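Please walk me through this structure in plain paragraphs.

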Amino acid sequence: CKAINRTPIEFRVGTDAIAIVVNKSNTFAQNLTLEQLAKVFSDQAANWSDVDPAFPAEPIKRYVPGTDSGTFDFFVEFVSDKVFGKEIGKEAFLKSANLQPSEDDNVLVTGIEGDPYAIGFFGFAYYQENAAKLNLVQIDGVTPDFDTAESGAYALSRPLFIYSDATIMKDKPQVAAFIGFYLKNVSDVIGDVGYFPASAESIQKSEEAYLNVVK
């Protein structure tokens, strides 16, 4: 941006969170540490007992978003890379046994629902649609919800932003108008695409940043 004389202005618009889910009959993996979660989705654990000796000595069946998915990238960055390091995080994930990727979340739900030793992940909103079919896994004792995602207490959450530049917004009123429309409506519709709305305080800060340019 600096190279082309742009000064980015940040507008917080929501929060993303990934839900880790298992089969309804799974009573052993109700709470995993981040380190255990990384191991579950890696070549370091073939069976559940490799993650914790108290878990069953049964193969882990992994149902995950496709590698072209932003959800896949999010998981690798926030879990695999964080625990194993960027050099081997993604590779360890992709070398997992019984790894069944799909771009279709319905396929993931069906797979996990039909296998007592399955585990997978996708956007939290999609879990909410299928909560009757799946169990939600806590991470380090924290359940994903609006408050834990907003605060960052839930490890698999991140703030979402859009960006613009003051000069662009002034020179192109249609851009400024679109951002104003976006900020006014985003919290009402963002849940439809799988994200949590940002807090009222965060949206207010975004609106203030917007008004500082267009006033």
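Ser-102 belongs to strand 4, which covers residues 99–102; strands (E, at least two residues) and helices (H or I, at least four) are DSSP runs, numbered from the N terminus. The structure is a predicted model, in which local features need pLDDT of at least 70 and side-chain atom pairs count only at pLDDT 80 or more, while totals for chains, interfaces and linings use all residues. Residues are numbered from 1 along each chain as its sequence is written, and side-chain values use heavy atoms, with hydrogens and water left out.

Ser-102 counts as buried because its relative accessibility is 14%; buried means under 20% relative accessible area, exposed means over 50%, and partly exposed lies in between, using a 1.4 Å probe and protein chains only. A polar atom of the Ser-102 side chain lies 3.0 Å from the backbone nitrogen of Asp-104. Leaving out residues up to four places away in sequence, Ser-102 touches Val-64, Pro-65, Gly-66, Val-107 and Leu-108, where contact means heavy atoms within 4.5 Å.

The protein as a whole has 9 helices and 9 strands. Its C-alpha trace spans about 65 × 40 × 30 Å along the principal axes. Of the 215 residues in the protein, 46% are buried. Among contacts between residues at least 6 apart in sequence, 72% join residues at least 24 apart.

Strand 1 covers residues 8–23 and is mostly covered, with 14 of its 16 residues buried. Two strands pair if DSSP finds at least two bridges between them. Strand 1 runs antiparallel to strand 8 (residues 157–165), to which 9 bridges join it; in that pairing, Arg-12 has Phe-161 as its bridge partner. Strand 1 is also joined to strand 5 by 5 bridges, again in the antiparallel sense, and here Ile-18 is partnered with Gly-123. With strand 6 (residues 134–136), strand 1 forms 3 antiparallel bridges, and Val-22 is the partner of Asn-135 in strand 6. Strand 9 (residues 196–197) is antiparallel to strand 1 and joined to it by 2 bridges, with Gly-14 facing Pro-197 as its bridge partner.

Strand 5 covers residues 118–123. Because 6 of its 6 residues are buried, strand 5 is largely enclosed by the rest of the structure. Strand 5 also pairs with strand 3 (residues 61–65), in the parallel sense and over 3 bridges. Within strand 5, Gly-120 stands opposite Tyr-63.

Where is empty space left? Rolling a probe the size of a water molecule over the atoms shows this. On a 1 Å grid over the protein atoms alone, a pocket is an open set of points with protein on both sides within 12 Å along at least five of seven lines, where a 1.4 Å probe fits, and lining residues have an atom within 4 Å of a point. The largest pocket has a volume of about 270 Å³; a volume is the space filled by probe spheres set on the points, and grid points are joined across faces, edges and corners. Its lining holds 20 residues, of which Thr-71, Asp-105, Gly-123, Val-193 and Gly-194 lie nearest the centre. Helix 2 (70–84), strand 5 and helix 5 (124–129) each supply at least two residues of this lining, and helix 5 gives the most, with 3 residues. By class, the lining has 6 nonpolar, 7 polar and 7 charged residues; Ala, Val, Leu, Ile, Met, Phe, Trp, Tyr, Cys and Pro count as nonpolar, Asp, Glu, Lys and Arg as charged, and the others, Gly among them, as polar.

Some single residues remain. Asn-26 sits in the loop between strand 1 and strand 2 (31–32) and is buried, with a relative accessible area of 1%. Not counting residues up to four places away in sequence, Asn-26 touches Trp-48, Pro-116 and Asn-135.

Asn-5, in the segment before strand 1, has a phi near 60°, a positive value in a residue other than glycine. Asn-5 counts as exposed because its relative accessible area is 68%. Asp-140 is a residue other than glycine with a positive phi, near 55°. Asp-140 lies in the loop between strand 7 (138–139) and helix 6 (146–151) and is partly exposed at 43% relative accessible area.

Val-214 is in helix 9 (residues 200–214). C-alpha to C-alpha, Val-214 and Glu-113 are 51 Å apart in space and 101 residues apart in sequence.

Notes: Polar contact = N/O pair within 3.5 Å; in protein donor to acceptor, adjacent residues only side chain to side chain.
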